[in-house]
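Me: I would like to go through the assignments in this model one at a time. For each label, give me the value and the criterion it is held against.

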Amino acid sequence: QVQLVESGGGLVQPGGSLRLSCAASGFTFDYYAIGWFRQAPGKEREGVSCISRRGVGTYYADSVKGRFTISRDNAKNTVYLQMSSLKPEDTAMYYCAAYSHPLVPFQAMCIKTYGDYWGQGTQVTVSS
């Protein structure tokens, strides 16, 4: 049974930090690029950051560059998103997803919002 389970969300003040985790099971983790996506009320889901299968390549949306860092630990089947200098506009439900295609670069996962498997999400609220 494929599972992606996000954790680490919560309420944080502007300027604060959070670390999200995405724990995967039920599929061959290092065959898949992993991405973090977010969706705010009334808005479309957008790709925040994606990481290649071995973690060598990373992609960030312009809105989070320099503030968010994605990483993965293939031994633990887990991907992390370290979020710093959080802003109210970062408030959203955050989802992780897994995607694998032999002819599609991992960056496309974020740009096109591709995902073979999706988690249920974790809420991040940035507010004073």
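Me: Which cysteine is joined to C50 by a disulfide, and what is the S to S distance?
Reply: The model is predicted, so every value here is computed from it. C50 is joined to C110, with 2.1 Å from S to S. The cut-off is 2.5 Å, so the pair of C50 and C110 at 2.1 Å counts as a disulfide.

Me: What makes the disulfide of C50 and C110 right-handed?
Reply: The torsion about its S-S bond is about 105°, so the disulfide is called right-handed.

Me: Which parts of the chain does the pair of C50 and C110 tie together?
Reply: C50 belongs to strand β5, residues 46–51, and C110 to helix α1, residues 107–112. The pair therefore ties together parts that are 60 residues apart in sequence.

Me: Why is C50 called buried?
Reply: Buried means under 20% relative accessible area. C50 has 0%, so it is buried. C110 has 3% and therefore counts as buried as well.

Me: How many disulfides are there, and what is the other pair?
Reply: The count is two disulfides. C22 and C96 form one of them, with sulfur atoms 2.1 Å apart. Their link is right-handed, with 65° about the S-S bond. C22 sits in strand β3 and C96 in strand β9, 74 residues apart. C22 is buried at 1% relative accessibility, and C96 is buried at 0%. With bonded cysteines counted along the chain, the disulfides follow the pattern 1-3, 2-4.

Me: How do you know that β3 pairs with β1?
Reply: At least two bridges are needed for two strands to pair. β1 (residues 3–7) and β3 (residues 18–25) are joined by five bridges, so they pair. The two strands run antiparallel, and L4 stands opposite A24 in β3.

Me: What about β3 and β8?
Reply: β3 and β8 (residues 78–83) pair over six bridges, in the antiparallel sense. S21 stands opposite Y80 in β8.

Me: What makes the contact of R38 and E46 a salt bridge?
Reply: The side chains meet at 2.7 Å, N to O. The limit is 4 Å, so the contact of R38 and E46 qualifies as a salt bridge. R38 is buried, with a relative accessible area of 6%.

Me: How many salt bridges does the search find, and which others can you name?
Reply: The search of the whole structure finds four salt bridges. Among them is the one between D62 and K65, whose closest N and O atoms are 3.2 Å apart. D62 has a relative accessible area of 66%, so it is exposed by the criterion of over 50%. R67 and D90 also meet in a salt bridge, at 2.7 Å from N to O. R67 lies in the loop between β6 (58–60) and β7 (68–73), and D90 in the loop between β8 and β9 (92–99), so this pair ties together parts 23 residues apart in sequence. R67 is buried at 11% relative accessible area, and D90 is buried at 0%. Salt bridges that share partners join R38, E46, R67 and D90 into one network.

Me: What makes Y99 and Y114 a tilted pair?
Reply: Their centres are 5.3 Å apart and their planes are at 35°, which meets the criteria for a tilted pair. Y99 is in strand β9 and Y114 in the loop between α1 and β10 (117–118), so the pair ties together parts 15 residues apart in sequence. Y99 is buried at 10% relative accessibility, whereas Y114 is partly exposed at 33%.

Me: Which residues do ring pairs link into a cluster?
Reply: The cluster links F27, F29, Y32 and Y117.

Me: Why is R72 said to lie over the face of F29?
Reply: R72 is at 4.5 Å from the ring centre of F29, and the distance limit is 6 Å. The charged end of R45 sits over the ring of W118, 4.7 Å from its centre.

Notes
Residues numbered from 1 in each chain as written. Predicted model: local features only at pLDDT ≥ 70, side-chain atom pairs only at ≥ 80, totals over all residues. Heavy atoms only, no water. Helix = DSSP H or I, 4+ residues; strand = E, 2+ residues; numbered from the N terminus. Buried < 20%, exposed > 50% of the residue type's maximum accessible area, 1.4 Å probe, protein only. Phe/Tyr/Trp six-rings, centres within 6.5 Å; stacked < 30°, edge-to-face > 60°. Lys NZ or Arg CZ within 6 Å of the ring centre and 35° of its normal.
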